[in-house]
Amino acid sequence: MGLRLKLTQITLEDISGYIKGYRWYSSKLDWNKLRPMILKRIEKRAEDYPIKGMIPVAEDVIINRARLFEGVSTLLRHYPIKACKFCPELYIGKEGHLIKTCHGYRRHIKNQVHHWVDGALNDIIVPVEAFHLNKFQDIIKHDQRFDFDRIPAVLELCSQAGADIFDQTLHSFGKDSVSFDVSTSPLELAYLAVQTLKAWEDMREGVQKLLLVYPAKVCKFCDEVHVGPSGHKARLCGVFKYETWRGTHFWKKARVDDLVPQKIVWRRRNQDPLILLDKGRNMYGHAPAVVELCVQAGAHAPSKYACIMKANGSSPTLH
Ligand SMILES: [Zn+2]
Ligand SMILES: [Zn+2]
């Protein structure tokens, strides 16, 4: 479908917008004059998109994302994590904890201890996918849903900001670092942890900047993310798909956490018992999972997390 045809479609919608606005002021509307004017404005808007200055920001996000994945997967070989079999709970440590916050699969139980199994990369860097759109894509309808690829939402945001997300050199960053194996020294791991934490912070900062310019939406109920100005109708809302009104999503503006979930975990400090107990739950600290992993491997957490990490807070064993 040619660009011209798409522009014409948008134009017709815009014109109907103009009618609504003009109706009260003028009964005589000169369509022949108005139409080329609107067309020109829309064409100009398309030229400005994507904004050139944002392309390096988007490319940096892709590079930092690659570093993050590489760093976290290497650290995970040395620092085991535990995930709950029945809910999204995660713990950065060998044993899990005894805090009774498990609600089970689909929240069918309440306040139970978690059932710990070995965690993996996807538990710590939670995958969030979105539809990959063409530049001038109209709203996706439900019956078109198989025409579009699902790709990581962060990459879709970078793509809409003008980065070439299929450029393999951008994705290969982090792989050039020292090859890490079981014999890697704690010092080398600490260095990697610092780099990985920086990549995480830089990536989130980049995504924040992109979201100021390129809109994204998230469903209030099911966390489906859509990158682009208008929501989509392609997937039914996970929460309401069995409801009579056909599972429409409720879109609201997406924030960084919707595209890059922090995955907050309980953390064990030196003053805490070896395995965190339920009775101490008001005193323990928290941290985003990636931050906690990097801190355990020797990195210093940025000061903005001090408040939730409660590094020097008291512990239940002292009371
Ligand atoms: Zn659980
Ligand atoms: Zn939804």
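Biologist: Which residues in H7 meet Val290, Val291 and Cys294 in H9?

Modeller: Keep in mind that this is a predicted model. Here's the general idea: an α-helix has 3.6 residues a turn, so residues three or four places apart point the same way. In this case, Ala193, Thr196, Leu197 and Trp200 are the H7 residues that meet Val290, Val291 and Cys294 in H9.

Biologist: How do I describe the way two helices like that sit together?

Modeller: Two packed helices are described by the angle between their axes and the distance between the axes. For helix H7 (residues 186-213) and helix H9 (residues 289-296), the axes come within 9 Å and cross at roughly 160°. Angles over 145 degrees count as roughly antiparallel, so H7 is roughly antiparallel to H9.

Biologist: And is the crossing of H7 and H9 left-handed or right-handed?

Modeller: H7 and H9 make a left-handed crossing.

Biologist: Is H3 mostly covered or mostly open?

Modeller: Mostly covered: of the 22 residues in H3, 16 are buried.

Biologist: On to strands. How do I read the two faces of S6?

Modeller: In a regular strand the side chains alternate between the two faces of the sheet. Take strand S6 (residues 216-219): Ala216 and Val218 lie on one side, Lys217 and Cys219 on the other. These four residues are all buried, and both faces of S6 are covered.

Biologist: Which strands does S6 pair with?

Modeller: Strand S7 (residues 225-227) is joined to S6 by three bridges, and the two run antiparallel. Alanine 216 has valine 227 as its bridge partner in S7. Strand S8 (residues 251-253) also runs antiparallel to S6, again with three bridges. There, lysine 217 stands opposite lysine 253.

Biologist: What is the strand order in the open sheet of three strands?

Modeller: The order is S2-S1-S3, with antiparallel pairing. Strand S2 (90-91) and strand S3 (116-118) are the edge strands, each pairing on one side only. Two bridges join strand S1 (residues 82-84) to S2, and lysine 82 has tyrosine 91 in S2 as its bridge partner.

Key:
Residues are numbered from 1 along each chain as its sequence is written. Chains are lettered from A and ligands numbered from 1 in the order in which they are written. This is a predicted model: local features need pLDDT of at least 70, side-chain atom pairs count only at pLDDT 80 or more; totals for chains, interfaces and linings use all residues. Two strands pair if DSSP finds at least two bridges between them. A residue is buried if 20 or more other C-beta atoms lie within 10 Å of its own, exposed if 12 or fewer, and partly exposed in between; C-beta atoms are placed from the backbone. Axes are lines fitted to C-alpha atoms, for helices over the stretch in contact, and angles run from 0 to 180 degrees between N-to-C directions. Angles under 35 degrees count as roughly parallel, over 145 as roughly antiparallel, 65 to 115 as roughly perpendicular and the rest as oblique. A crossing is left-handed if the near helix is turned anticlockwise from the far one by less than a right angle, and right-handed if clockwise. Two residues are in contact if their C-beta atoms, placed from the backbone, lie within 7 Å.
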